[in-house]
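Try each task yourself before you read its solution.

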Amino acid sequence: MEKQKWKQVITEACVSAKTYKPYFDSVIDTLAQILETRDSVHEQFLDEGGNFTIIKHTDRSNQENTYKNPLLVMEYDLNTQALKYWSELGLTARSLKVIQNNLREDSGTTIEDLLSSLENG
């Protein structure tokens with residue numbers, strides 16, 4: 001998916017989760033770029049056969065050493081980076097729960113308000 005489409009998807013998700021703020025636009029832009037790159041890497045991985053390992057070289061003892069496909073490693077790293085941004089935007093289950101709990105605490109009555117209402121009432 002292209003960056004602009006990712007930006008739209010991410011922004012809509014933030015709006016739905018009630019975590020969107022205009023000042024998050026640069027974070028959303030960065031996440032969209034990461035996801036576009038990840039998608040591109042995944043396509044390249046599939047185009048090259050989708051092999052999880054690649055034979056890099058044969059060592060001195062004539063042993064073939066296999067390594068993870070660098071594209072697969074890159075895709076994993078990009079997913080890890082993206083997850084951090086999703087979380088910062090409140091778009092994972094855990095981060096959304098924390099944000100919602102904080103909002104409840106912030107909008108709740110303080111102990112001073114409660115004591116004041118008891119004195120006046």
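**Exercise 1.** Work out the handedness with which helix 1 passes helix 2 in this predicted model, then describe the contact.

*Solution.* Start with the crossing: helix 1 passes helix 2 in a right-handed manner. Next, list who takes part. Helix 1 brings Lys 3, Trp 6, Lys 7, Ile 10, Thr 11 and Cys 14, while the helix 2 side includes Ile 28, Leu 31, Leu 35 and Arg 38.

Then turn to geometry. The angle between helix 1 and helix 2 is about 130 degrees, and their axes lie 8 Å apart. Angles over 145 degrees would count as roughly antiparallel and 65 to 115 as roughly perpendicular, so helix 1 is oblique to helix 2.

**Exercise 2.** Find which residues touch the most other members of the largest nonpolar core.

*Solution.* The core has 14 residues, and those with the most contacts to other members are Ile 10, Leu 31, Leu 35 and Leu 89. Helix 1 (3–17), helix 2 (25–47) and helix 3 (70–88) each supply at least two core residues. Helix 2 gives the largest share, seven residues. Zoom in on Leu 31: leaving out residues up to four places away in sequence, Leu 31 touches Ile 10, Ala 82, Tyr 85, Trp 86 and Leu 89.

**Exercise 3.** Is Asn 69 buried or exposed?

*Solution.* First locate Asn 69, in the loop between strand 2 (64–68) and helix 3. Its relative accessible area is 6%; buried means under 20%, so Asn 69 is buried. Beyond neighbours within four places in sequence, its contacts are Phe 45, Asn 51, Phe 52, Thr 53 and Ile 54.

Definitions and conventions. Residues numbered from 1 in each chain as written. Predicted model: local features only at pLDDT ≥ 70, side-chain atom pairs only at ≥ 80, totals over all residues. Heavy atoms only, no water. Core = buried A, V, L, I, M, F, W, Y, C linked by side-chain atoms within 4.5 Å. Buried < 20%, exposed > 50% of the residue type's maximum accessible area, 1.4 Å probe, protein only. Helix = DSSP H or I, 4+ residues; strand = E, 2+ residues; numbered from the N terminus. Contact = heavy atoms within 4.5 Å. Axes fitted to C-alpha atoms, helices over the stretch in contact; angles between N-to-C directions. Parallel < 35°, antiparallel > 145°, perpendicular 65-115°, else oblique. Left-handed = near helix turned anticlockwise from the far one by under 90°.
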